[in-house]
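Visitor: I would like to learn how to read the packing of helices and strands in a model of this kind. Could you take me through it feature by feature?

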2 protein chains.
Amino acid sequence: MIMADNHVRLVEVGARDGLQNEKRTLHPQIRVQLLEMLADTGLRTLEAGAFVSPRWVPQMAGSDDVLKALSVRPGVTWTALVPNVKGLEAAMAAGCREVAVFAAASEAFSQKNINCSIAQSLARYQDVMVLARDAGVRVRGYVSCVMGCPFTGYVKPEAVAAVSASLFAMGCHEISLGDTLGSGTPAATKSLIDACRQVVPVSALAGHFHDTYGMAIANIHAALEADVRIFDSSVAGLGGCPYSPGATGNVATEDVIYLLNGLGMTHGVDLDALIDVGEFINAQLGRETASRVSRALLAKRGRLQPS
Amino acid sequence: MIMADNHVRLVEVGARDGLQNEKRTLHPQIRVQLLEMLADTGLRTLEAGAFVSPRWVPQMAGSDDVLKALSVRPGVTWTALVPNVKGLEAAMAAGCREVAVFAAASEAFSQKNINCSIAQSLARYQDVMVLARDAGVRVRGYVSCVMGCPFTGYVKPEAVAAVSASLFAMGCHEISLGDTLGSGTPAATKSLIDACRQVVPVSALAGHFHDTYGMAIANIHAALEADVRIFDSSVAGLGGCPYSPGATGNVATEDVIYLLNGLGMTHGVDLDALIDVGEFINAQLGRETASRVSRALLAKRGRLQPS
């Protein structure tokens with residue numbers, strides 16, 4: 001059973017990690033509208049963009065416009081992914097007070113994804129950390145492939161803990177552990193958290209689960225049992241077409257909230273309002289929701305009588 | 001962590017609970033082919049039909065032909081649902097050595113679904129139990145709505161335990177606890193098992209989860225942690241169209257096996273072969289799989305290189 005603190009903080013990554021993996025590219029104005037609607041539901045930490053080359057990630061083009069247009073709200077943090085100092089400078093110029101850097105727990109994935117070794121990526125982020133600290137900007141550290149690598153398979157929890165410890169020591173306030181493949185299961189999740197909490201306070205660990213194998217909710221529950229209280233998720237499960245083979249979307253925020261409600265945990269998010277936001281963004285993208293909770297509750301809304 | 005016995009027995013309900021909730025009705029020959037293929041994957045207990053009126057459940061018409069045509073295999077049990085003594089007689093005439101009866105934990109659901117109160121249904125099953133015992137036929141007891149009723153909402157674990165205790169006392173060797181709505185979450189699952197194991201040995205309890213809200217795998221994990229070692233599931237998540245609102249299919253057998261593999265538990269089923277069976281039956285039904293594991297692994301099979 002889950003004993004400790006009852007409140008969970010959700011990091012809504014739909015407008016970045018989600019949208020950058022959808023085929024259709026949305027105009028910055030639509031992304032601003034999405035983000036404002038998401039904040040209206042009660043979400044307090046929201047990834048809003050990425051300061052990367054639009055040649056590589058066209059879906060994130062105009063992230064500076066997005067960040068600049070977002071309203072200032074007490075308690076709400078708009079964040080952005082930055083690959084280097086140049087990205088950080090652009091993010092800060094757009095008003096960002098929190099950014100994220102992206103490392104991997106697998107050497108092969110690091111090479112293929114960001115074209116350098118894990119050690120080289122950490123060295124590159126040193127400059128980002130220094131500039132951010134001087135400017136009072138918080139930096140979140142992502143670690144990908146925490147439960148498996150598409151190129152080399154099994155990833156040891158100790159390897160994840162080592163990268164997490166480095167990022168934390170460099171000054172990241174929070175480490176998001178990403179099951180990029182979505183291949184993890186609950187026992188592996190517990191082993192992972194057990195290893196990482198040896199080197200990073202568990203209160204600074206976040207779970208970032210993809211639902212490719214349908215294990216995300218079970219893994220989140222296992223992480224909750226291991227005292228993790230921060231989770232990344234995407235409205236409507238943005239991030240992969242759910243009806244095409246190999247879909248690899250983030251776990252749907254709606255499904256996480258349903259789980260938390262069932263466990264009697266607090267989160268501050270209005271589920272019904274969130275389902276409406278999911279409908280909005282799905283219409284923009286011409287996709288169907290990947291959230292089972294949304295599908296079930298929308299069907300219920302449409303029903304005149306129970307059946 | 002899961003401490004006790006490491007082996008899980010799966011009850012494959014795809015050819016009955018699954019198919020009877022699919023729109024397209026399949027010829028008995030196709031159902032026989034499906035069942036033989038399923039048994040080839042290593043599944044040992046398989047629901048093969050229902051001896052109910054084909055006017056109410058056309059998908060199960062010809063269940064006697066199905067049961068008669070199935071091969072005799074050491075260690076394999078073909079079962080059928082029977083609503084009454086007449087059904088039991090027909091099942092026995094077709095060679096059934098195990099049948100199942102269907103009760104509910106909610107009065108309202110019992111009335112709407114089988115047109116009598118819970119007590120009346122149990123009384124009706126008394127005659128079934130007597131005849132079955134005399135013939136040496138085992139009877140499995142289903143309890144539906146164990147974590148919620150579509151008409152009255154919340155269902156107390158104590159209500160489920162009471163029906164379970166009655167069925168067990170009447171001679172059912174196994175009680176399958178069905179989350180008909182698929183609305184349960186892990187904490188509720190644990191409370192449910194805790195209540196039921198007070199009155200029925202936990203080794204005689206089975207979990208039967210629908211995946212409507214995407215919670216089935218997390219609930220199965222919670223039930224495993226509470227020592228349950230028998231689970232019902234459907235190949236490909238048969239039992240509801242996954243792409244229509246309000247889909248209410250059984251949890252996919254493939255997804256359960258993937259979970260068990262990740263937990264280091266044994267089950268005796270060949271996952272790759274099962275995915276092939278899923279492809280076969282989906283083609284017959286003109287549907288896509290509801291199994292995320294199947295979708296992910298089929299995508300992987302089609303890939304020449306990792307990406």
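Visitor: How are α9(A) and α10(A) oriented to each other?

Guide: Before the angle, a word on conventions: this is a predicted model, in which local features need pLDDT of at least 70 and side-chain atom pairs count only at pLDDT 80 or more, while totals for chains, interfaces and linings use all residues. Residues are numbered from 1 along each chain as its sequence is written, chains are lettered from A and ligands numbered from 1 in the order in which they are written, and side-chain values use heavy atoms, with hydrogens and water left out.
Helices (H or I, at least four residues) and strands (E, at least two) are DSSP runs, numbered from the N terminus. Axes are lines fitted to C-alpha atoms, for helices over the stretch in contact, and angles run from 0 to 180 degrees between N-to-C directions. Angles under 35 degrees count as roughly parallel, over 145 as roughly antiparallel, 65 to 115 as roughly perpendicular and the rest as oblique.
Here helix α9 (residues 216-225) of chain A packs against helix α10 (residues 253-262) of chain A at an angle of about 45°, their axes being 10 Å apart, and the two are therefore oblique to each other.

Visitor: Which residues of α9(A) and α10(A) meet?

Guide: Contact means heavy atoms within 4.5 Å. From α9(A) come A:Ile217, A:Ile220, A:His221 and A:Leu224, and these meet A:Asp255, A:Val256, A:Leu259 and A:Leu260 in α10(A). Ala, Val, Leu, Ile, Met, Phe, Trp, Tyr, Cys and Pro count as nonpolar, Asp, Glu, Lys and Arg as charged, and the others, Gly among them, as polar; the contact of α9(A) with α10(A) thus divides into six nonpolar residues, one polar and one charged.

Visitor: At what angle do α10(A) and helix α12 of chain A pack?

Guide: The angle between α10(A) and α12(A) (residues 292-302) is about 80°, with axes 6 Å apart, and the pair is therefore roughly perpendicular. A:Glu254, A:Asp255 and A:Tyr258 in α10(A) meet A:Arg292, A:Val293 and A:Ser294 in α12(A), a contact with two nonpolar, one polar and three charged residues.

Visitor: How is the sheet of chain A built, and in what order do its strands run?

Guide: Strands of a sheet pair through backbone hydrogen bonds, either parallel or antiparallel, and two strands are taken to pair if DSSP finds at least two bridges between them. In chain A, eight strands close into a barrel in the order β1-β2-β3-β4-β5-β6-β7-β8, with parallel pairing. Neighbouring strands of this sheet are turned by 30° against each other on average, direction ignored. Strand β1 (residues 9-12) of chain A is joined to strand β2 (residues 45-50) of chain A by two bridges, and A:Val11 stands opposite A:Thr45 in β2(A).

Visitor: Which strands of chain B does helix α6 of chain B touch?

Guide: Chain B has a closed barrel of eight strands, β1-β2-β3-β4-β5-β6-β7-β8, paired in parallel, whose neighbouring strands are turned by 30° against each other on average, direction ignored. Helix α6 (residues 118-135) of chain B packs on that sheet and touches β4 (98-104) and β5 (138-144) of chain B, its direction making about 170° with that of β4(B).

Visitor: At what angle does α4(B) pack with α6(B)?

Guide: Helix α4 (residues 85-93) of chain B and α6(B) pack at about 25°, with axes 9 Å apart, which makes them roughly parallel.
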